Amino acid sequence: MQPIISVKDLCKTYSSGFEALKSINLDVRKGEIFALLGPNGAGKTTLIGTICGIVNPTSGKITVAGHDIKADYRAARSMIGLVPQELTTNAFETVWGDVSFSRGLFGRKANPALIERILRDLSLWDKKDAKIITLSGGMKRRHMIAKALSHEPEILFLDEPTAGVDVELRRDMWNLVRTMRETGVTIILTTHYIEEAEEMADRIGVINKGELILVEEKAELMRNLGKKQLTLHLQAPLQEVPAALRDYQLELAGDGNDLVFTYDSRGERTGITALLADLGDAGIRFKDLQTSQSSLEEIFVNLVRDRT
């Protein structure tokens with residue numbers, strides 16, 4: 001299937017000499033939720049801005065559903081909705097008026113029924129006649145999403161969509177994003193909330209210092225890079241790992257009350273059965289055990305640290 005967004009050898013160097021993007025290659029599939037992770041200054045917003053036609057690239061090529069963003073910019077941009085990181089609003093306009101006006105900017109005919117549905121989906125209907133300046137921060141964020149959806153885009157960019165909103169509102173937005181994906185909208189989001197990507201994304205890209213260092217299916221990323229650990233809660237604490245068990249590279253934790261074994265769950269043998277047998281032979285008894293896997297946050301931190 002042809003990607004709905006294709007980025008080839010994209011570079012952005014500012015007049016100061018700063019390289020914001022370095023040979024980015026990325027394909028985004030139609031109908032997926034793609035999360036772009038990276039620390040502050042990594043290039044996330046620059047990449048989004050370049051695809052949306054806000055930032056001029058130094059070199060490279062970007063197509064949106066086959067439309068070149070330079071040669072056929074009207075067709076490309078008409079397919080895109082953008083919710084920027086910074087809140088920019090017409091403070092003294094009403095919610096209804098501003099969202100309707102945004103639709104008109106793309107040459108779309110008035111569609112009050114559509115605007116009503118968008119506002120209802122975003123829990124903004126009771127605020128439709130309110131001036132934007134009177135809205136809370138979370139409501140202003142919803143209003144920006146409504147504006148981005150007003151012209152019925154096939155692609156929606158969400159740059160830090162839940163920054164500064166409370167937990168309940170964040171989960172409401174997660175549900176909204178899933179609903180939009182079910183209608184066929186492709187969603188690309190940047191986020192600092194690792195759990196946001198872990199909760200919603202189909203695929204994850206990690207960008208650092210202008211380089212796209214990884215693009216992977218979320219499940220595959222967790223499987224390949226997420227460590228699995230077996231923690232044994234001992235009946236009696238140990239001062240050190242016995243010599244007979246050193247090949248397992250065990251770690252003592254919890255003041256010697258826990259033994260931690262890290263293993264590869266993809267291997268034919270994890271080594272757990274042999275470990276348990278050797279523990280018995282060494283006279284070490286445990287009262288409980290538990291397994292855990294690295295979170296996406298731990299994977300992200302390790303990836304960025306390795307490239308720094």
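The accessible surface of the protein chain comes to about 16,000 Å², by the Shrake-Rupley method with a 1.4 Å probe. Carbon and sulfur atoms hold 47% of that surface. This is a predicted model, in which local features need pLDDT of at least 70, side-chain atom pairs count only at pLDDT 80 or more, and totals for chains, interfaces and linings use all residues. Residues are numbered from 1 along each chain as its sequence is written, and side-chain values use heavy atoms, with hydrogens and water left out.

**Overall make-up**

- The protein chain has ten helices and 14 strands. Both are DSSP runs numbered from the N terminus: helices are H or I with at least four residues, and strands are E with at least two.
- Of the 308 residues in the protein chain, 44% are buried. Buried means under 20% relative accessible area, exposed means over 50%, and partly exposed lies in between (1.4 Å probe, protein chains only).
- Take the contacts in the protein chain with a separation of 6 or more: 69% of them join residues 24 or more positions apart. A contact means heavy atoms within 4.5 Å.

**Nonpolar cores**

- In soluble globular proteins, nonpolar side chains tend to be buried together.
- A nonpolar core here is a set of buried Ala, Val, Leu, Ile, Met, Phe, Trp, Tyr and Cys residues joined through side-chain atoms within 4.5 Å.
- The largest nonpolar core has 40 residues. Those touching the most other members are I145, L156, L158, M180, I187 and I204.
- Helix 6 (residues 167-182) gives the most to this core, with six residues.
- Another core, of 25 residues, lies apart from the largest one. Its members include I4, I24, M79 and I155.
- Leaving out residues up to four places away in sequence, I187 touches E32, I33, F34, L156, L158, V177, M180 and R181.

**Cavities**

- There are two cavities of 30 Å³ or more. A cavity is a set of points, on a 1 Å grid over the protein atoms alone, where a 1.4 Å probe fits but cannot get out; lining residues have an atom within 4 Å of a point.
- Grid points are joined across faces, edges and corners, and a volume is the space filled by probe spheres set on the points.
- The largest cavity has a volume of about 50 Å³. Its lining is formed by I5, L26, V28, F34, L36, L47, I48, I51, F157 and I188.
- Strand 2, strand 3 (33-37) and helix 1 (44-51) give two or more residues each to that lining. Helix 1 gives the most, with three residues.
- The lining of the largest cavity has ten nonpolar, no polar and no charged residues. In these classes, Ala, Val, Leu, Ile, Met, Phe, Trp, Tyr, Cys and Pro are nonpolar, Asp, Glu, Lys and Arg are charged, and the others, Gly among them, are polar.
- The second largest cavity has a volume of about 40 Å³. It is lined by I145, L158, P161, T162, M173, W174, V177, E196 and M200.
- Helix 6 and helix 7 (194-200) each supply at least two residues of this second lining. The largest share, three residues, comes from helix 6.
- By class, the second largest cavity is lined by seven nonpolar, one polar and one charged residues.

**Largest pocket**

- The largest pocket has a volume of about 340 Å³. A pocket is an open set of grid points with protein on both sides within 12 Å along at least five of seven lines.
- Its lining counts 15 residues, with I80, G81, L82, F106 and H151 nearest its centre.
- Strand 6 (80-83), helix 3 (95-105) and helix 5 (137-149) each supply at least two lining residues.
- The lining of the largest pocket has nine nonpolar, four polar and two charged residues.

**Single residues to look at**

- E19 is found in strand 2 (residues 19-28). E19 counts as partly exposed because its relative accessibility is 42%.
- E19 is in contact with K12 and T13, leaving aside neighbours within four places in sequence.
- E19 and G210 are 191 residues apart in sequence, yet 6.9 Å apart in space, C-alpha to C-alpha.
- Q249 is not a glycine, but has a positive phi of about 55°. Q249 sits in the loop between strand 11 (228-234) and strand 12 (251-253). With a relative accessible area of 66%, Q249 is exposed.
- D255 is another residue other than glycine with a positive phi, near 60°. D255 lies in the loop between strand 12 and strand 13 (258-263). Its relative accessibility is 76%, so D255 counts as exposed.
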